[in-house]
Structure formats: C-alpha cells, structure tokens
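Thanks for coming. Please have the sequence open beside the model.

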Amino acid sequence: MDLPRLDNPMSEEYLRKNMRQSHPRLVFTPTLLEDLKIKLKSDPVLQNMVAAIRLNADQILEQPLLERKMVGRRLLGTSREMLYRVNMLGVVYLVEEDADILARINAEVLAVCAFSDWNPSHFLDVAEMALAVAQALDWTDGALPESTVKLAKAALIEKGLKPSWPENGKRWRHAYGGNNWNQVCNGGLIAAAIAVADEEPGLAAKTIQRALDGMPRVLVQYRPDGVYPEGSSYWGYGTGFSVVTIAMLESAFGSDFGIASVPGFMESAMFRSLCNAPSGWYFNFADCGDRRSSNGDILLAWFAAKTGNKTFYEKERFLRPANEMGRLSRLAGTGLAWLSQYEEKSEEALPSAWKGDGINPIVIFTGGESDPHQYYFGGKGGRATTSHGNMDAGSFVFELNGVRWVVDSGNQSYHALEKTGFDLWGRGQDSERWTLLTKNNFGHSAVTINQEPFLVDGFASLVDFKDGARPEATFDLSAVYGDHVRRATRRFLKDGPASLVIEDRIEISETTKQITWQLMTVAEVEIVKGGAVLRQGEKALHLEIQTHPGLGVVVVPLDPPPLELDRKIEGLKRLEINIPVHAAVDRKIAFKIKLSNQEKNHDSGTF
C-alpha cells in the first residue's frame with residue numbers, strides 16, 4: 001500500500017529550537033487561553049460547556065482517588081477515568097484558578113504516579129494515562145508542588161515513554177500499526193514527550209519522530225473518502241486521539257507536520273456525521289456502539305473550527321441545559337479549545353446520498369434534513385478481517401419515521417467474553433470470534449450460502465454508485481462465498497421517499513446448495529402472502545417479495561440467542577427467505593425485496 005508521508009524534521013536540535021517554551025503548550029496556548037476567557041463573557045456555547053464541566057468537576061471532588069484496579073487484562077478504565085478527571089478539573093483550573101481544584105489535581109496526579117506501572121502489556125492504558133498526566137502538568141504549570149512535578153515527570157518517563165522502546169532494539173509495533181492503537185499510543189506518548197522535553201530532549205525528540213514516521217500507516221485507512229473502517233464509535237476513539245495529537249503539535253511546534261492534510265482525514269467528518277441516524281442510533285457496523293450521545297460532538301467541533309462548516313458544529317446539543325448533560329466525554333475539556341476557535345464560514349449540507357470507498361466501503365441514503373419520513377439507509381461491503389470487522393458484507397440498516405426496522409446486532413463487552421477464555425481476537429477462518437451472532441453473517445442482514453460463514457479474507461467491493469433522486473449502490477459479494485457461487489451482487493435502490501429495494505443477483509455454481517436471504521429486526525412480525533409486515537408501536541413496515549411471491553418468510557427467534565456468550569437483544573429475530581436453487585434460469589437467480597411503509601402489489605417471476 002502506497003503510504004502518505006508526513007513532514008518529519010524532528011530531532012533533538014529541532015525540538016530545542018522550535019518547541020514553545022511558555023505554558024500551556026498542550027492544546028491550549030497562552031493566547032488561546034486568553035481568547036477563551038474573553039469569549040466566555042459573551043459566547044453562550046462556551047458558557048454552557050464550562051458550566052457543565054464545572055458540574056462534572058464538582059462531582060469528581062466527591063469521589064475517592066483512583067486505585068490501580070485491573071479489569072481482566074486492562075487498566076484502561078482507570079486510565080480513562082484519570083483522563084476524564086484531568087479534562088474536567090484542568091479546564092476549571094485554567095479558567096478559574098480555583099485553589100481547591102488545584103489541590104485535587106495534585107492528589108489525582110500523586111495517586112496515579114504512585115502506581116507500580118500503567119500496564120504496558122495493554123499499551124492503550126499507558127497512552128491514555130500519559131496524556132492525562134501530561135495535561136495535568138501542562139495546564140497547571142508552575143502551580144503544583146515541585147515534588148509532584150518531579151514525580152509526575154519521572155512517571156511519564158519510566159512508566160510511559162521507556163516501555164515503548166524495547167530493550168532488544170526492535171521496532172515497537174504499536175507505533176506503526178494500521179488501527180486505532182497507532183493513533184492512541186502515538187498521541188499519548190507525544191503528550192508525554194512534550195511534557196518532559198525540557199528534562200529529556202533526546203527521548204522526547206525520538207519519540208515524536210517515531211510517531212510521525214508511524215502515523216501514516218493508520219492515516220492511510222481513511223482513504224479515499226473518509227470512512228473509518230472500524231466504525232463510528234471507533235472513529236471517535238482513533239480520530240479523537242489524532243485530533244488531540246494535531247492540536248498538541250500545533251500548540252507546541254506551530255505545525256501538525258501534515259497529519260490533517262492526509263487525504264481522507266478531513267473528509268471523515270462527513271462520515272461521522274452521516275453515521276448518525278434520525279433515531280439516535282449509529283450506522284453501527286463493525287465493533288461500533290449502538291447510539292450516539294445526546295450532547296454535542298466535541299470531536300466534530302474540531303473539524304468545524306478548522307473548516308468553518310456549520311454542519312459540524314452541533315450548537316443546539318452544546319446548549320442542552322448543563323445539568324442535563326450528565327457525564328461529559330473524557331476529552332470535553334480539551335475540546336473547549338476548538339469550541340472557542342470556531343467561526344462560521346460556510347454551511348455544507350450533508351448529502352442525501354453518499355459513498356465512502358476504501359477498505360471497508362459503505363453507502364448511506366437519507367431523506368435530507370427536513371424529511372418527514374426520516375429516511376435512513378446504510379449498507380456496506382468490506383471483509384471480516386478488517387480491524388474490528390465482522391462477517392457483514394452486504395448487510396444494511398434501515399429506518400423510517402425514526403424507527404430502526406433493520407438492525408445490526410452491534411458490539412458486546414470484550415471483558416465479558418475474554419474472562420471466560422473466549423478467543424475474541426482470532427482472525428482465521430475457524431477462529432472462535434466467528435461463532436458469535438454479533439460477528440458472523442448469521443447475525444446480519446445479508447445472504448448466506450449453504451448455511452456457511454463468509455470467507456474471512458473475501459472482500460466485497462463497491463462496484464457502482466449513483467446519486468440523485470433515486471440513488472443506488474451495488475456491491476460485488478462474490479469473494480465472501482468462494483466457490484459456492486460464480487458471482488453474487490447486491491444492489492440497493494432508494495426508489496421512493498419511503499421505500500428501499502434490495503436486489504440480489506446470484507450466479508450459482510456446482511456447489512450452491514442453499515441460498516438464505518436474511519433480515520435482522522426487533523419488530524413484531526406478521527407473515528402475509530408475498531412477504532411480511534413489521535410493527536413497532538403504531539408504525540408498520542411492509543416487506544414485499546417482488547420477484548418470487550410464492551416464497552414464504554420464516555421467523556427465527558434470537559431472544560434468547562443461540563449461545564450463552566452471545567449478546568442478548570430484546571426481541572431480536574432473523575427473517576429468512578429460502579431461495580430454491582432450482583429457481584435459477586441459466587444458472588442465474590435475480591431476487592428482489594422491497595421495504596416500504598405502504599403495501600404494494602406483487603410482481604411475478606424473475607426479472
């Protein structure tokens with residue numbers, strides 16, 4: 001894969017000459033902080049967010065200090081809690097210089113720096129803790145006791161930076177990986193490096209230099225259109241740390257060395273925005289969470305600040321009553337910096353039909369901002385072995401009237417699985433991961449051949465896309481079935497303001513024995529001639545078999561799910577239509593389903 005290259009002049013000499021000496025220099029700068037304080041006098045968004053942060057900080061004051069408590073193989077929960085606490089307490093101190101807040105920051109830093117280590121065997125834990133401690137030092141510059149500063153810098157060096165430099169001299173793999181670990185680990189260590197650069201300029205420089213060399217290996221994953229292959233909530237994690245990294249490099253060196261200019265990175269804000277469905281659910285493919293927060297997206301706000309695009313600045317959500325926002329994100333304090341930098345320059349509306357090509361291609365159709373039907377469709381291709389990927393090629397989600405009719409079974413607790421000895425992370429064809437309903441094709445709205453799992457290395461490509469009033473997209477799914485088909489494609493068509501057509505064309509092979517069309521839903525289902533009616537509350541969706549009306553729909557209850565370790569989803573069921581192989585004409589089957597909010601007359605035969 002052709003990798004982008006970042007500008008990387010980093011050396012000890014460059015660092016000594018170019019790093020900002022004044023503090024703060026991690027995201028905030030003296031100028032930016034002064035500007036924030038001025039804008040706080042009149043900007044209602046900043047006022048409201050600071051009020052919400054203050055409420056969070058007050059709650060932290062009532063909590064015990066953190067202890068080194070492992071959850072399975074992870075200290076990550078503790079590290080994230082520390083990053084959250086520093087973001088809340090640290091911003092309050094930056095704005096108010098409250099002595100009680102400073103004392104609590106001091107106590108928090110002393111507590112975590114006294115840990116025996118930050119769990120380098122799972123280095124995300126180290127990275128998030130390092131960012132937290134580095135920000136605590138930077139945002140309180142000169143105010144913490146000298147003994148605390150000395151202890152914290154020693155911890156950043158011994159517990160953070162040095163474990164990332166293998167004693168055998170081999171290359172540290174996390175700096176060069178192709179997934180979110182690269183972004184998080186490099187980001188956390190850049191923060192640590194800047195925090196200790198005065199004491200250890202050589203170690204700091206070579207750490208930043210390595211990060212700038214390694215980050216292109218994950219940044220390339222955004223190409224060409226901005227899709228984050230691991231899904232929207234992992235976009236929040238990986239891209240969130242890259243955004244913080246950019247902000248830190250700019251505040252410390254005046255340059256991000258080209259990170260934001262890598263093709264696809266800035267475009268990923270569109271991906272993130274479009275993955276938010278009207279119901280409040282994500283297009284939750286891969287190991288993605290189910291629903292977005294009701295609060296404003298602090299990471300999208302960075303893109304808003306950079307572009308001036310109003311679409312990425314969720315003003316109404318940032319203006320939710322502070323006492324209703326609850327627990328804020330652990331980067332909300334950091335994000336106050338770019339909230340203060342936002343100036344509206346344009347408003348680029350979200351497209352109603354969008355494709356994101358790349359290693360995990362997706363398409364999204366919507367009805368637009370004022371759509372009375374609240375239409376939302378997301379479909380995908382890709383391969384199972386993509387980081388955090390599933391056997392979900394050809395799968396889709398679908399909403400009308402704010403109701404999710406076709407669901408993705410989503411993600412489930414890693415620790416709950418790992419503590420049983422379950423091998424969640426294997427990627428081979430026979431890996432245990434693929435026995436789970438959330439991970440295999442039997443838990444997705446796809447077509448299954450011969451009741452067999454997809455081939456893990458089979459890639460489903462996006463081969464056609466048309467926008468306009470009747471957008472459509474076609475994926476070539478042949479590779480996920482191997483020799484069991486000669487060719488298989490799936491076409492999605494928005495043929496009206498409240499309907500979706502799914503057209504499967506399959507050229508069978510000698511080993512094609514069974515073809516099963518699947519749809520995942522939590523709706524109540526009534527089987528009717530030529531299809532089914534799905535109901536949730538007073539709303540209904542009609543499933544019409546347009547090409548083979550003589551076939552019937554079978555409901556397979558999945559609550560409870562097949563395995564004890566499967567995620568339990570209330571009311572989950574799989575609708576199946578078994579397409580007989582003998583229906584093929586010249587070895588070809590064309591099968592079409594329509595989903596709509598109105599009943600339709602049935603066609604007959606094939607097309």
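I start with valine 27, which sits in the loop between H1 and H2. Before I go on, note that this is a predicted model. Valine 27 has a phi near 80 degrees, and that is a positive value in a residue other than glycine. As background, most residues other than glycine have a negative phi, and most peptide bonds are trans.

The loop that holds valine 27, between H1 and H2, also holds proline 24. H2 covers 30-39. The bond between histidine 23 and proline 24 is a cis peptide bond, with omega at about -5 degrees. Proline 224 is placed in the loop between helix H10, residues 216-219, and H11.

Next, a helix pair. Two packed helices are described by the angle between their axes and the distance between the axes. Here the pair is H7, residues 146-161, and H8, residues 180-195; their axes come within 10 Å and cross at roughly 145 degrees. The crossing of H7 past H8 is left-handed. Which residues make the contact between H7 and H8? From H7 there are Lys153, Leu156, Gly160 and Leu161, and they meet Leu189, Ala192, Ala193 and Ala195 of H8. By class, the contact of H7 with H8 has six nonpolar residues, one polar and one charged.

Now the aromatic rings. The count comes to 25 aromatic pairs. I will show one of them, tyrosine 14 with phenylalanine 257: the ring centres are 6.2 Å apart and the planes are at 65 degrees, so the pair is edge-to-face. Tyrosine 14 is in helix H1, residues 12-18, while phenylalanine 257 is in the loop between helix H11 (232-253) and helix H12 (268-274), so this pair ties together parts that are 243 residues apart in sequence.

The largest pocket has a volume of about 1,400 Å³. Its lining takes in 48 residues, and those nearest the centre of the pocket are Arg80, Ser233, Gly236, Tyr237 and Arg330. Helices H4 (76-96), H8, H11, H13 (298-307) and H16 (414-418) are the elements that give two or more residues to this lining. Which element gives the most to the lining of the largest pocket? That is H11, with five residues. Sorted by class, the lining of the largest pocket has 18 nonpolar, 19 polar and eleven charged residues.

The second largest pocket holds about 960 Å³ of space. It is lined by 28 residues, with Ser273, Asn276, Thr311, Leu350 and Glu369 the closest to its centre. Two or more residues come from H12 and from helix H14, residues 315-318. H14 has the largest share of this lining, at three residues. The classes in the lining of the second largest pocket are ten nonpolar, eight polar and ten charged.

The largest cavity has a volume of about 30 Å³. Around it are Phe283, Ser395, Phe396, Val397, Val407, Asp408, His444 and Ser445. That lining has four nonpolar residues, three polar and one charged.

That is what I have; I will take questions now.

Technical notes: Residues are numbered from 1 along each chain as its sequence is written. This is a predicted model: local features need pLDDT of at least 70, side-chain atom pairs count only at pLDDT 80 or more; totals for chains, interfaces and linings use all residues. Side-chain values use heavy atoms; hydrogens and water are left out. Axes are lines fitted to C-alpha atoms, for helices over the stretch in contact, and angles run from 0 to 180 degrees between N-to-C directions. Helices (H or I, at least four residues) and strands (E, at least two) are DSSP runs, numbered from the N terminus. A crossing is left-handed if the near helix is turned anticlockwise from the far one by less than a right angle, and right-handed if clockwise. Contact means heavy atoms within 4.5 Å. Ala, Val, Leu, Ile, Met, Phe, Trp, Tyr, Cys and Pro count as nonpolar, Asp, Glu, Lys and Arg as charged, and the others, Gly among them, as polar. On a 1 Å grid over the protein atoms alone, a cavity is a set of points where a 1.4 Å probe fits but cannot get out, and a pocket is an open set with protein on both sides within 12 Å along at least five of seven lines; lining residues have an atom within 4 Å of a point. Grid points are joined across faces, edges and corners, and a volume is the space filled by probe spheres set on the points. Rings of Phe, Tyr and Trp (its six-membered ring) pair if their centres lie within 6.5 Å; planes under 30 degrees apart count as stacked, over 60 as edge-to-face and the rest as tilted.
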